[in-house]
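Me: Please take a close look at one part of this model, the salt bridges and what surrounds them. I would like the cut-offs stated as you go.

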Amino acid sequence: MTQFHLPNAQATHELGKQLGRSLPPHSILLLEGNLGAGKTTFVQGLAAGLDIPESIESPTFTLINEYLNGRIPLYHLDLYRLEASEIEHLNLEQYWEGIEVEPGIIAIEWADCLPYKPESYLKIELTYTEKADRLATLFNVGQNNFNLDLDQIELLN
C-alpha cells in the first residue's frame, strides 16, 4: 500500500500522468471513490502520461471509451450506472486478457461495482480528507506484469 496526499486537482492529474509514463500494456487500474473524488481527473492525467491527444471525458453514458492514438492504448470504463448483471454482459475480460483488443491500460471507474475482478491489478482509492483535499491509496493486488516502484513517484504540491 502506498498513499499520496493530493492537495488539489492538479496533484491528482499529476499522479495519473506519472503512472501513465510508467505503466506497461496489460496494466489494470481499478478506481474507487465517491462522486467528485477525482477519478476522471486521475484518468485525464493518465492519458497525458500516455501522450493521448484526445480530450478525456468520463464514459458514464457510453460505458467504455477507447483511446488508441497514444503511446499505449487506454480503455476507460465507467460502471456507475450499471447493475452487476449488466456488467457481466460487457465481457470486460476481453480488455484485461487482450482478446480482440490491442493490449493497453485499462482504467475502470466505480470498480467496486465489478462482480468479478482480474487476477492482478492496481487498486486506487480516492478519498476526501478532513481538510477537503484528497488522499490516493494505491494497492498492488496479485502478480502484476509490471515492476512499478510507487515510492519513486513524487508529486508537486
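Reply: A salt bridge here is a side-chain nitrogen of Lys or Arg within 4 Å of a carboxyl oxygen of Asp or Glu. The model is a predicted one, in which local features need pLDDT of at least 70 and side-chain atom pairs count only at pLDDT 80 or more, while totals for chains, interfaces and linings use all residues. Residues are numbered from 1 along each chain as its sequence is written, and side-chain values use heavy atoms, with hydrogens and water left out.

By that definition the structure holds two salt bridges. In one of them, Glu-125 pairs with Lys-123, and the closest N and O atoms are 3.0 Å apart. In the other, Lys-123 pairs with Glu-32, with 3.8 Å between the closest N and O atoms. Glu-32 lies in strand β2 (residues 28-32) and Lys-123 in strand β6 (residues 121-128), so this pair ties together parts that are 91 residues apart in sequence. Helices (H or I, at least four residues) and strands (E, at least two) are DSSP runs, numbered from the N terminus.

As for accessibility, buried means under 20% relative accessible area, exposed means over 50%, and partly exposed lies in between (1.4 Å probe, protein chains only). Glu-32 has 15% relative accessibility and counts as buried. Lys-123 is partly exposed at 21%, and Glu-125 is partly exposed at 22%. Salt bridges that share partners join Glu-32, Lys-123 and Glu-125 into one network.

A charge sits over a ring if NZ of Lys or CZ of Arg is within 6 Å of the ring centre and within 35 degrees of the ring normal. Lys-39 is placed in this way too, its charged end sitting over the ring of Trp-110 at 4.1 Å from the centre.

For the setting, the protein chain has four helices and seven strands, in the order β-α-β-α-β-β-α-α-β-β-β along the sequence. Of its 157 residues, 50% count as buried. Among contacts (heavy atoms within 4.5 Å) between residues at least 6 apart in sequence, 64% join residues at least 24 apart.
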